[in-house]
Amino acid sequence: MNRPLPVRIGHSACPHDCPSTCALDVEILDERTIGRVRGSEDMDYTAGVICAKVARYAERLHHPDRLLTPMIRTGPKGSGQFRQASWEEALDRIAEAFVKAAAAHGTEAVWPYYYAGTMGLVQRDGIHRLRHEGRYSGQFDTICTNMAWTGYIAGTGRLAGPDPREMAKSDFVVIWGTNAVATQVNVMTHATRARKERGAKIAVVDVYRNATMEQADLPLVLKPGTDAALACAVMHVLFRDGYADRAYMARYADAPEELEAHLQSRSPAWAAAITGLSVEEIETFARLIGTTKRTFLRLGYGFTRQRNGAVAMHAAASIATVAGLWQHEGGGAFHNNGAIYGLDKTLIEGADLKDHRIRALDQSRIGAVLTGDREALKDGPPVTAMLIQNTNPASVAPDQRLVARGLAREDLFVAVHEQFMTETARMADVVLPATMFLEHDDIYRGGGHQYILLGPKLVEAPGEARENHAVHVELARRLGFRHRGFSMTPREHIDWMLRRSGRGTLAELEAARFIDCQPDFETAHYLGGFAYPDGKFRFKPDWPKVKAPNDGPMGPWRDLPALPDQWNAIEVADAEHPFRLATSPARSFLNSTFNESPTGRKREGEPAVMIHPDDAARLGIGEGARVRLGNRRGDVVLKARLFDGVRPGVLVTEGLQPNAAFEKGEGINVLTGADPAAPFGGAAFHDNKVWIRLAD
């Protein structure tokens with residue numbers, strides 16, 4: 001009797017744009033086939049738990065609609081009319097287009113465009129080698145992190161904080177501005193462990209009653225863009241009721257007396273009128289923080305995707321300093337650990353060739369760039385050739401109609417390297433089939449934790465799919481580029497980077513699977529001082545000089561408040577647009593990734609907007625009615641979902657549904673703006689004033 005062969009388990013890391021960067025155990029059924037994916041129990045942050053969409057990754061890896069061969073457009077842009085081509089022909093076309101664009105308008109007419117479809121350092125960031133050696137236009141990354149990172153660094157001086165595993169050692173976990181159940185499930189792992197083992201309380205601050213808030217002891221549903229008002233009222237109570245740690249602030253903060261005076265008028269009653277919360281809810285929240293030194297503020301990205309997002313993040317982080325929470329294990333304010341790794345990506349990125357005189361175009365303003373806006377182009381040449389990897393701007397970028405108009409230009413050559421025929425790929429001249437993370441070698445680092453993880457190749461790719469690195473190398477050969485990084489394999493890049501960065505070798509990482517880079521307690525909690533020359537947390541940051549990634553001050557940066565405050569730089573509802581819309585993440589999608597998953601599509605259903613029953617009754621809108629949302633940027637049609645878990649005057653849509661799921665084939669980002677948020681730009685996806693009415 002033949003017995004089935006035992007299933008082999010391979011080890012990897014989730015490549016997707018999520019702070020959890022989970023360590024994975026993957027069932028390998030044969031050289032091309034995987035089974036179930038599970039969270040590794042050996043890595044203590046993942047702790048054996050991953051999200052359902054990654055657990056079902058076989059559904060994506062083996063999807064029948066994966067791109068398998070290079071294709072060249074034969075019909076009008078966006079028609080979906082392509083013919084199969086060889087890799088040689090496709091790559092030749094791209095190289096020729098780059099040469100032609102540079103000859104006509106200069107090298108800056110070529111714009112390699114990328115983002116976080118993979119977070120692997122080799123496969124994601126190698127596109128910069130092409131950029132720097134070709135002297136092509138740079139990209140200023142603004143679509144995700146700017147406001148959050150800037151606001152956090154404004155206070156601490158550094159993008160790092162307490163060990164996120166300390167949530168399990170906390171007595172009060174505050175999950176602020178992230179639907180962790182949907183977007184970073186491991187936060188819930190450690191928060192609920194604290195509840196089970198220590199009796200810890202959990203508070204959730206968000207703009208609607210979501211799956212994370214359902215698990216909260218203290219759910220706080222506030223109006224979008226009002227988080228700083230809540231933070232200020234909390235600090236008001238801390239000072240008023242004697243919970244402020246004055247001795248700590250005297251040593252570790254820049255202007256505690258000035259802050260206290262400033263906050264005297266920022267009472268719970270003041271904040272209640274702004275946030276929609278009750279005075280009692282605010283008082284209870286502040287008192288819990290004030291009486292619980294092991295309070296861990298887990299600060300997410302969601303509440304910073306407002307035009308006042310940097311100010312909101314800074315205000316929330318300031319609470320930890322007023323209360324002296326940083327001194328305690330299980331206490332402090334954590335957002336991201338990006339500063340702890342110190343990895344040298346010189347050869348991956350070709351950073352030794354970078355010319356700082358070359359312009360950097362704003363990623364979020366791709367619509368303005370491609371439609372010839374002089375300011376967006378920095379008074380430089382038009383963009384006439386692009387290579388797009390790891391992103392789907394026709395769906396995910398703000399101001400979607402402008403993006404579509406730009407991509408439709410007949411004088412614009414676009415090559416897209418993708419796994420599926422996305423909205424952007426349909427607009428391309430050349431489409432190249434891409435590998436998925438289990439089909440190539442790469443290395444990852446956590447944002448929400450402290451690990452470097454290896455993601456080795458575990459299975460063969462289907463069809464003719466090739467990794468990003470191979471595309472970079474082949475284009476470099478055709479363009480005559482000679483940087484050393486083009487002659488190295490991904491594994492050689494990983495080994496060089498680890499050695500150069502003092503993180504060991506590839507062989508050592510392969511044996512260990514991941515490297516814990518967590519600093520010691522004193523460093524992580526800033527007990528030797530914050531990362532400013534005087535060692536003090538900044539209640540009064542010099543905003544234009546905050547050491548966050550930037551391309552110079554942007555937006556209304558001169559109007560930023562000097563101290564934590566509610567800053568009404570948001571799109572305030574008005575008579576023409578009486579509602580505020582947040583475009584929040586869904587559990588089954590990650591930006592436009594997983595849109596193709598049949599299980600995810602079935603679970604999420606068709607596009608819908610949550611509206612408070614009182615608003616719906618006033619407007620004559622019933623459950624499931626077709627409604628039209630609009631503003632000056634455009635309009636979309638979707639179904640109404642009556643839900644008392646949003647505030648009156650607030651609308652919420654979940655998930656970046658495919659454009660094709662909407663009538664007219666235009667997605668929710670028709671409604672979002674690309675104007676830069678202060679102080680360093682960024683896209684305010686959750687900050688939209690809109691009208692809503694029954695569809696015709």
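Where is the place of Val-7 relative to β1 (8-13)? I looked this up in the model, which is a predicted one, and found Val-7 in the segment before that strand. I noted Val-7 as partly exposed, because its relative accessibility is 43%. Together with Ile-9 and Leu-29, Val-7 forms a nonpolar patch on the surface, for which I have about 250 Å² of accessible area in total.

I then turned to the salt bridges, of which the count comes to 55. In one of them Arg-478 pairs with Asp-92, and the closest N and O atoms are 2.7 Å apart. This pair links distant parts of the chain, since Arg-478 lies in helix α19 (residues 468-479) and Asp-92 in helix α3 (residues 87-105), 386 residues apart. I recorded Asp-92 as partly exposed, because its relative accessibility is 31%.

My next entry is the salt bridge of Asp-687 with Arg-307, with 3.2 Å between the closest N and O atoms. Here too distant parts of the chain are linked, 380 residues apart: Asp-687 is in the loop between β24 (650-654) and β25 (688-694), and Arg-307 is in the loop between β11 (295-299) and α14 (309-322). Asp-687 is buried at a relative accessible area of 0%, and Arg-307 is buried at 7%. Both residues belong to a network of salt bridges that also includes Glu-571, Arg-580, Arg-633 and Asp-675.

Last, I checked Asp-615 and Arg-618, whose salt bridge has its closest N and O atoms 3.0 Å apart. These residues are separated by about one helical turn, because they are 3 residues apart in helix α24 (residues 613-619). Asp-615 counts as buried at 6% relative accessibility, whereas Arg-618 counts as exposed at 56%.

Key:
Residues are numbered from 1 along each chain as its sequence is written. This is a predicted model: local features need pLDDT of at least 70, side-chain atom pairs count only at pLDDT 80 or more; totals for chains, interfaces and linings use all residues. Side-chain values use heavy atoms; hydrogens and water are left out. Patches are made of residues with over 30% relative accessible area and no salt bridge: like charges are joined within 9 Å, nonpolar side chains (Val, Leu, Ile, Met, Phe, Trp, Tyr) within 5 Å. Accessible areas come from the Shrake-Rupley method with a 1.4 Å probe; for residues, only the protein chains shown count as cover. A salt bridge is a side-chain nitrogen of Lys or Arg within 4 Å of a carboxyl oxygen of Asp or Glu. Helices (H or I, at least four residues) and strands (E, at least two) are DSSP runs, numbered from the N terminus. Buried means under 20% relative accessible area, exposed over 50%, partly exposed in between (1.4 Å probe, protein chains only).
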